[in-house]
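Could you walk me through how to read a protein model, feature by feature? I'd like the general idea first and then the case at hand.

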Amino acid sequence: GASHAQVFWEAWDTTGPAIAEVIATGVGTVYPDVLLPLRRHGIMQDCYFNYGRSPLADESRAIVGVFSVVVETTERVVAERGLREQTERLGLLQRLTQHLAATMTDTEIAGVVLSEVQPLLGASVGGVTKVVDGWAERISDSPPPDDTDSFQRRPLDARVPTCEAIRRAAPVVLHTAAEREAAYDSEWVKAFSEYGLVVAMPMLVDGNAVGALALGFLSDRTLADDEVALLQTLADQCGQALQRARLLAAERALVREIGAANAELASFTSCVSHDLRAPLRSMNNFAEILLEDYCDHIDDIGLGYLRRIRDAGRKMSALIEDLLQLAHLASAEPKRLPVDLSAIVRDVAEQLQAVDPARNVTFRIAPDIIGSADPNLIRAVLENLIGNAWKYSSHHPDPVIEFGSTATLNHGLP
């Protein structure tokens, strides 16, 4: 027997005018998923309802009342909202994964993460801090602070949430100003006095905190468990991207150092080789003159010494040529071309046999083995391989040096 206004007093400001409209116009209305805050179990909750209203008329078609159907849809609306949020978060993670896979600087990585996270959760400010040599360094803020020097570099034991999150390797979630005033530096508390919720998430890589992702909210909102889990995932992705960027930068620096060292070594080798050639050539020439023109004036022991000097000079000349060739190969840009490997091996074998024709070495060289390589580099490789085989088989009575090919599985290699 109670009136509509008495039963639905919390919603009468919304439903009363709607009922009056149906009575005045005689036209029914349908309102889906209308938000209606209600007190349930002593707590105000957002509830949703479908409202359907039809006019009731008497025999003279005069409107005498309104027939209303109210169906609560809170469970469905909340479930659909959760599904949309999960879809948005999945899309966010996919976008971040694609963006962070690209080569970026620290500032670019932090900017990408903050640009996605802040609008999704409604944060007013955000920042990314990384650990550098025992310090917490701020690498990005969104929006940038008025005082760009504020909080940019702090020791890890500083009394601020980002440093605490890094030290503990655990999230720091602060809902009230009282929590902040009791535990943190007064300068930081003053700077964030206007904010409600403040969150600092550690960026974990293999269980170690390499930095922190921080967000500040002007509202007094709370974070659900799934939002905390999402933030932790995003912070970890940011940390991993920063680590990859650091390793890539270190690798590039190492490549530059190696390149500079190789260039310096090649220059030194070339310089020293050329400087040694002239005196070595003189020594070899004088040794040859003594052996050819003064052999009658030198006893056998002296001639033996001269031959050793001449042979050592020839060996050193060969070493210098090898050094010059190595310097040339190190400085040249490799060019991959089809190369007849069998022909190179035959040429190397003929050179070795010409140097020492007294040796009885059998070469078995498979014909027409074609490879893809730099001609100069592959020749140097084959000369070393065949030369070593020739050298270390000298004590074998009937050595055989074989060059061929064997079919194997590709294993995905080109």
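What follows is a dialogue that goes from the overall form to single residues.

Q: Before we start, what kind of model is this, and how are residues numbered?

A: This is a predicted model, where local features need pLDDT of at least 70, side-chain atom pairs count only at pLDDT 80 or more, and totals for chains, interfaces and linings use all residues. Residues are numbered from 1 along each chain as its sequence is written, and side-chain values use heavy atoms, with hydrogens and water left out.

Q: How many helices and strands does the protein have?

A: Helices (H or I, at least four residues) and strands (E, at least two) are DSSP runs, numbered from the N terminus. Here you get 11 helices and 13 strands.

Q: Is the protein spread out or compact?

A: Check the radius of gyration, taken over C-alpha atoms, against the globule rule, which is 2.2 Å times the number of residues to the power 0.38. For 414 residues the rule gives 22 Å, but the radius of gyration is 42 Å, well over that, so the protein is more spread out than a compact globule. The C-alpha trace spans about 150 × 55 × 35 Å along its principal axes.

Q: What share of the residues is buried?

A: Buried means under 20% relative accessible area, exposed over 50%, and partly exposed in between (1.4 Å probe, protein chains only). By that cut-off, 33% of the 414 residues are buried.

Q: And what share of the contacts links residues 24 or more positions apart?

A: A contact means heavy atoms within 4.5 Å. Taking the contacts with a separation of 6 or more, 58% come from residues 24 or more positions apart.

Q: How many positive and negative side chains are there?

A: Lys and Arg count as positive and Asp and Glu as negative, while His and the chain ends are not counted. The place of a charge is taken as NZ of Lys, CZ of Arg, CG of Asp or CD of Glu. The tally is 37 positive and 57 negative side chains, with the centres of the two sets 2 Å apart.

Q: Let's go to a helix pair. Where is asparagine 284, and what does it touch?

A: Start with the helix itself: an α-helix has 3.6 residues a turn, so residues three or four places apart point the same way. Asparagine 284 is in helix H8, residues 225–293. Leaving out residues up to four places away in sequence, asparagine 284 touches Ile309, Arg310, Gly313, Arg314 and Ser317. Because its relative accessibility is 12%, asparagine 284 counts as buried.

Q: Which side chain makes a polar contact with asparagine 284?

A: A polar contact is a pair of N or O atoms within 3.5 Å; within protein, one must be able to donate a hydrogen and the other to accept it, and residues adjacent in sequence count only if both atoms are side-chain atoms. The partner here is the side chain of serine 317, at 3.5 Å.

Q: Which residues of H5 are buried?

A: Helix H5 (residues 161–168) is mostly covered, with six of its eight residues buried: Pro161, Thr162, Cys163, Glu164, Ala165 and Ile166. Just after H5, alanine 169 has a positive phi of about 55°.

Q: Where do aspartate 133 and aspartate 368 sit?

A: Both are loop residues: aspartate 133 lies between strands E4 (125–132) and E5 (135–142), and aspartate 368 between strands E11 (362–365) and E12 (370–373). Phi is a positive value near 55° in aspartate 133, and likewise near 55° in aspartate 368. Aspartate 133 is exposed, with a relative accessible area of 74%, and aspartate 368 is exposed at 64%.
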